[in-house]
Protein chains: 2
Amino acid sequence: VSRGETIGLGPGGEFDAIRRMVDGWGARAQGIGDDAAVLQAIGDSSLVVSTDTSVEGVHFRREWLSPQEIGYRATAAALSDLAAMGAKPVGLLSVIALPEHWLKELDEIAVGIGEAASLCETPIIGGDLSRASELSITITVIGTASRPLLRSGARPGDLVYVTGSLGGPFAALRDFEAGREPSSEHRARFATPTPRIREAQWLSANGASAAIDISDGLAADARHIAAASGVCVQIDAGSVPIVPGITAAEAVRSGEEYELLITAPEELDANEFERLFSVAITRIGRVLEGNPTVELTLGGETLQAQEGYLHFQNERR
Amino acid sequence: VSRGETIGLGPGGEFDAIRRMVDGWGARAQGIGDDAAVLQAIGDSSLVVSTDTSVEGVHFRREWLSPQEIGYRATAAALSDLAAMGAKPVGLLSVIALPEHWLKELDEIAVGIGEAASLCETPIIGGDLSRASELSITITVIGTASRPLLRSGARPGDLVYVTGSLGGPFAALRDFEAGREPSSEHRARFATPTPRIREAQWLSANGASAAIDISDGLAADARHIAAASGVCVQIDAGSVPIVPGITAAEAVRSGEEYELLITAPEELDANEFERLFSVAITRIGRVLEGNPTVELTLGGETLQAQEGYLHFQNERR
């Protein structure tokens, strides 16, 4: 008996579609079929919750991504917010609103959502489905953390780190917008980013003081940490690892990276980190007392941190 | 210092709009400004989570409701799912996607969201804001329950109850669709429904075996209980309390009521319920062994439970 047949919904087209999605999700879908999901008690941990929406024409274009990638990417973006908090996911809810002409792609979208859920070992515990005049996917993620990593935890004297290499989504968007197919490396960084869930838990356990996931661009997200912590964040753009075909000045403006920007009072063990997660962690700056701003330098010169960054969502505005 | 100024977001139009919304929500907004919300540990209770989306032209029309009512109604609909589980809300997240021409109404929409949150004593703990080509509001609600009320709990021999009076939203939609202004009573039942949060907690504590909120219509939602519990639900439509100007056959098809349909093994104290909550609870049927269907009768005759119910969302499909 498939799970879809066992969840006890009445007849109707919407319920058929939900049943089909739940069938596809298999064991990743848990406790669906009631008005709300029920999670077991979580003991002494804090509960961490976030919601993130992806809208066609605002966050992505249909020509750029397969339906499966659209589902994956929307879900990975939401899960990345849990990573930014050092939280362990315990469940996600997916809301899909879509027009008639997207209906035949619904199953593929659901496959992508399921892939991201699998990657982060997160059960899908609920959702909603609605008609709309454009496709949008809203993912709510729930996690637990014994010591959540906040944006407000950076202190003068802390070191600043970034995971991975930046610039891939910038390069992919530049090519997409110019009507060119991006390189497979750039495209993959845009289409199928990896939420740094396990990495963030290690960082939280190893003394990180603040974290944010890079969704608006390194410079812009560093400003969020500076504002929340009331500190000056100094970053040497020249030390930021970048993907091929991108300059450092471009990489710090690249949004939707879903890498982590971290502060820590002590040096982190970069070798151990890379050995465990096969991804680099690189020291790129430090935290100073002063106005809550970002000082971004490249080869000793000041970069304009306030300048616009390339971010499809914001390009559309 | 307003909360909006204290939440530590960087500069930018989206962040300004979020700050404004958070200011308007005042103390009802909690812990906003990080990647995810952090809730305190919840001890031994189960966590109950649900998400619900309202799309312009699908769930409501702009001509029918004020922006404040649109925000209120979307939030009340989501909170009603917690009521259906007998859960106590602990937080909600609101995602608003909207086109340029809705921007000037955003603050009013937020007021409506805040009103529903206040009514149900629920902090707003996060959300997202995006451009879109049509207005949609997605509300995720989180609650706790020591004994969640499931759809699957109905047993042969149970009695069936409904809260309040049905038919208001049906009458309001009928008038709206015909271009007439509904009566104020009908309009209020459609525009500003009350989630039965406290009522549901009383029902859970007083032995209710299953519950669902009436969003698809009494007959359709009874089928969900029948399917989930594997029982036959027998309902006498003639005993269902209805608003003036509506027939019993119409009332059982009226969707988006957000009243509760409950089963209970023993008689509930209707007088005590009405005294506590100023709303009626009425016995309307019973649960039998048999095929998981609904037997709906009116004056001894069988009503076609399978027939379409009036529900704006489904009318559009």
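A crossing of two helices is called left-handed if the near helix is turned anticlockwise from the far one by less than a right angle, and right-handed if it is turned clockwise. The structure described here is a predicted model, in which local features need pLDDT of at least 70 and side-chain atom pairs count only at pLDDT 80 or more, while totals for chains, interfaces and linings use all residues. Residues are numbered from 1 along each chain as its sequence is written, chains are lettered from A and ligands numbered from 1 in the order in which they are written, and side-chain values use heavy atoms, with hydrogens and water left out.

**Chain A**

Chain A has eleven helices and twelve strands, where helices (H or I, at least four residues) and strands (E, at least two) are DSSP runs numbered from the N terminus. Of the 317 residues in chain A, 63% are buried, a word that stands for under 20% relative accessible area, with exposed meaning over 50% and partly exposed lying in between (1.4 Å probe, protein chains only).

Two packed helices are described by the angle between their axes and the distance between the axes. In chain A, the axes of helix 3 (residues 67-84) and helix 4 (residues 106-119) come within 6 Å and cross at roughly 35 degrees, and this crossing of helix 3 and helix 4 of chain A is right-handed. Here axes are lines fitted to C-alpha atoms, for helices over the stretch in contact, and angles run from 0 to 180 degrees between N-to-C directions. Contact means heavy atoms within 4.5 Å; among the residues that make it are Gly71(A) and Tyr72(A) of helix 3 of chain A, and Gly112(A) and Ile113(A) of helix 4 of chain A.

Ser136(A) belongs to strand 5 (residues 136-145) of chain A, and Ser136(A) is buried, with a relative accessible area of 11%. Apart from its neighbours within four places in sequence, Ser136(A) is in contact with Ser54(A), Val55(A), Val95(A), Ile96(A) and Ala97(A).

**Chain B**

In chain B, an open sheet of seven strands has the order 7-9-6-10-8-11-12, with mixed pairing. Strand 7 (210-213) and strand 12 (301-303) of chain B stand at the edges with a single partner strand each, so one side of each is left without a neighbour in the sheet. From one strand to the next, the twist averages 30 degrees.

| Strands of chain B | Sense | Bridges |
|---|---|---|
| Strand 8 (residues 232-236) and strand 11 (residues 294-298) | parallel | four bridges |
| Strand 8 and strand 10 (residues 281-288) | antiparallel | four bridges |

Within these pairings, Asp236(B) has Thr297(B) in strand 11 of chain B as its bridge partner, whereas Cys232(B) stands opposite Leu288(B) in strand 10 of chain B. Helix 3 (residues 67-84) of chain B lies across strand 7 and strand 9 (260-264) of chain B, and runs at about 170 degrees to strand 7 of chain B.

Helix 5 (residues 168-177) of chain B is mostly covered, with eight of its ten residues buried, including Phe170(B), Leu173(B) and Phe176(B). Just after helix 5 of chain B, Gly179(B) takes a positive phi of about 80 degrees.

Notes: Pairing = 2+ DSSP bridges.
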